[in-house]
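Here is a short briefing on strand pairing and aromatic contacts. Look over the sequence and structure, then read on.

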Amino acid sequence: MSKNFWKNKNVLITGATGFVGSHLSRKLLELGANVVGVNNKMHQQSSDKDNSLKVSLLKTYIGNVSDQLFLQKICIKESVDTIFHLAASSIVSYAAKNPFETLSNNFLTTLSVLETARVLNIKRTVVASSDKAYGDHTQDALQKLPYKENYTMRGLDMYSVSKATADTIAQAYALQFKMPVATLRFCNIYGPGDLNFTRLIPRNALLLLSGQRPTIKRGHENVLREYLYIDDAVKAYLVVAENIENFCGDKGEKIPQRGPEIYGWLSFNGGSYSKEYLVDVSICENIASVSKVIQMLRKEILNTEPIIVDSPQEYVEIPDEYLDSSKLVNLGFSSSINLQEGLKLTSQWYKDNFEALRHLFLR
């Protein structure tokens, strides 16, 4: 990550008031960038009321991110040279109950961003994807864990399908039009400011702070997940954006046009480990079972036994998930905060803000 790269860059972030977007906005402002936030009308009310990390000095436009004309006018007015597309329906349980809205929102907003980038020749565009797009590879003899960028994307539920679709359309734009576009397929991002209480860490941190027992879905106790602290996720976004022009070539001449190397070529896994570490997952500090994460939260907040609960009928749980992030590491990325330290920092933030968060958690 370069300290000087972002000085006076004009950056547009969709979903800028969300958990990751607010942290990314803050860091870019610290680095001297001119940051413009864009948020969908339908999310604005909850964002204003709930987001305790709302970034000051950030110019924000409210409108429909799916509206290409709306986005293009902003990019022209603000002389945008960089786009981070983070706006999305990101709650898995909500996606299961609202499939049409989730699929249309995650697909159409991405399409609008990419078309804007194409028409206006935006210098660099980074699209938020997810390791959920890979689906289930645990029994695959040819594409074994850890996930690699050229693996087949096998969405098993509405959220996963929506992310796989957005990821695929981003790659298509990059390959067909030789655009400097990248997708980042992140593992589970966590840290201070996450108000999505359907997620494992925020939900159980607030349960414990409320004097209640943490919960684990039945059969998921030993499921492995990879976790990335929010500061490291922001660093990953910046590293990819800083390198995407060189990675693609001045006129996209480095982008392959045929053969197996095309698949996932412009995607980067957003995790901590290169392939050398993943020979033995037990030494990877950021890969942990659900039970271990709960145990670590109990140590930081309240040592009480978890309750095993049944999953909702429509819930689809992908088995073990962790990433080979060698491509990202080779760009110069390295994570700096392991899960134990990150959960300590995160737990303290929830403790410090518990009274303000209580009404959000209980409503």
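Tyr173 counts as buried at 11% relative accessibility; buried means under 20% relative accessible area, exposed over 50%, and partly exposed in between, with a 1.4 Å probe and protein chains only. The model is predicted: local features need pLDDT of at least 70, side-chain atom pairs count only at pLDDT 80 or more, and totals for chains, interfaces and linings use all residues. Residues are numbered from 1 along each chain as its sequence is written, and side-chain values use heavy atoms, leaving out hydrogens and water.

- Tyr173 and Phe177 both lie in helix 6, four residues apart, about one turn of the helix. Helices (H or I, at least four residues) and strands (E, at least two) are DSSP runs, numbered from the N terminus.
- Phe177 is partly exposed, at 38% relative accessible area.

**Aromatic pair across strands**
- The ring centres of Tyr190 and Tyr227 are 6.4 Å apart with planes at 80°, so this pair is edge-to-face. Rings of Phe, Tyr and Trp (its six-membered ring) pair with centres within 6.5 Å; planes under 30 degrees apart are stacked, over 60 edge-to-face, the rest tilted.
- Tyr190 is in strand 7 and Tyr227 in strand 9, so the pair ties together parts 37 residues apart in sequence.

**Strand 6**
- Six of the six residues in strand 6 (residues 181-186) are buried.
- Strand 5 (residues 124-130) runs parallel to strand 6, joined by six bridges; strands pair if DSSP finds at least two bridges between them.
- Strand 10 (residues 267-270) also runs parallel to strand 6, through four bridges.
- Phe186 has Gly270 of strand 10 as its bridge partner.
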